[in-house]
Amino acid sequence: PILASAHENGCICLWRIQGNLVKELLPFSKYPSVPLTALCTDISTKMLLAGSKEGHIMCWSIASFLEDPQNSKNQIKEELCWKAHSNEVVDLFHEEEKNVVVTASVDGSVRLWHAMNGYYLGYFGQPRKFDLSDISRLILPCDVNNIPTIIKEESKHMEKKKMFEYPLMLDRDK
């Protein structure tokens with residue numbers, strides 16, 4: 001079993017139950033790292049989803065990594081990122097049978113998204129029923145104007161690199 005933890009610096013840590021750190025991940029994004037506020041997987045643990053303080057949802061494929069974490073060829077790959085809310089995401093879950101992600105924000109809104117492409121399907125409390133069959137049209141909620149981003153880069157961008165500290169030294173000649 002692997003335990004995932006989300007952190008304020010935007011990092012996700014994967015741990016063994018014994019307490020050993022297995023891997024650290026940073027979301028691949030054009031935005032600076034922001035605190036992660038929610039984390040979940042689907043029932044079969046093929047996908048890892050995280051929500052951020054700025055309202056983003058990030059989705060990673062983790063199935064091959066969990067089969068054999070020691071094999072360096074089995075990488076974790078971020079596949080999708082989208083802006084779900086204008087405020088902090090406080091909870092999310094993936095409904096595998098319908099292939100949807102449900103997100104909740106501090107503003108009180110609860111929204112439904114298609115899990116494979118991040119397309120908006122509606123919100124809880126809307127007057128019409130959810131139409132889960134038509135996922136071809138890209139529509140966005142009124143407070144979101146960023147389209148979902150499908151990540152095509154390799155996971156090397158997301159693995160947290162070891163940081164080296166270099167002490168400041170006074171060079172009197174300069």
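In β10, which residue is the bridge partner of V100?

Modeller: The bridge partner of V100 in β10 is H114. A word on the source first. This is a predicted model: local features need pLDDT of at least 70, side-chain atom pairs count only at pLDDT 80 or more, and totals for chains, interfaces and linings use all residues. Residues are numbered from 1 along each chain as its sequence is written, and side-chain values use heavy atoms, with hydrogens and water left out.

Now the terms. Strands are DSSP runs of E with at least two residues, numbered from the N terminus. Two strands pair if DSSP finds at least two bridges between them.

Start with β10 itself. This strand covers residues 110-114. Four of its five residues are buried, that is, under 20% relative accessible area with a 1.4 Å probe, protein chains only.

Next, look at β9, residues 100-105. β9 and β10 run antiparallel, joined by five bridges. They form a hairpin, with four residues between them. In that turn, G108 has a positive phi of about 95°.

Then turn to β11, residues 120-123. Three bridges join β10 to β11, and these strands also run antiparallel. Here W113 has Y120 in β11 as its bridge partner. β10 and β11 form a hairpin with five residues between the strands. G118 in this hairpin takes a positive phi near 75°.

What holds such strands together? Strands of a sheet pair through backbone hydrogen bonds, either parallel or antiparallel.

Definitions and conventions: Buried means under 20% relative accessible area, exposed over 50%, partly exposed in between (1.4 Å probe, protein chains only).
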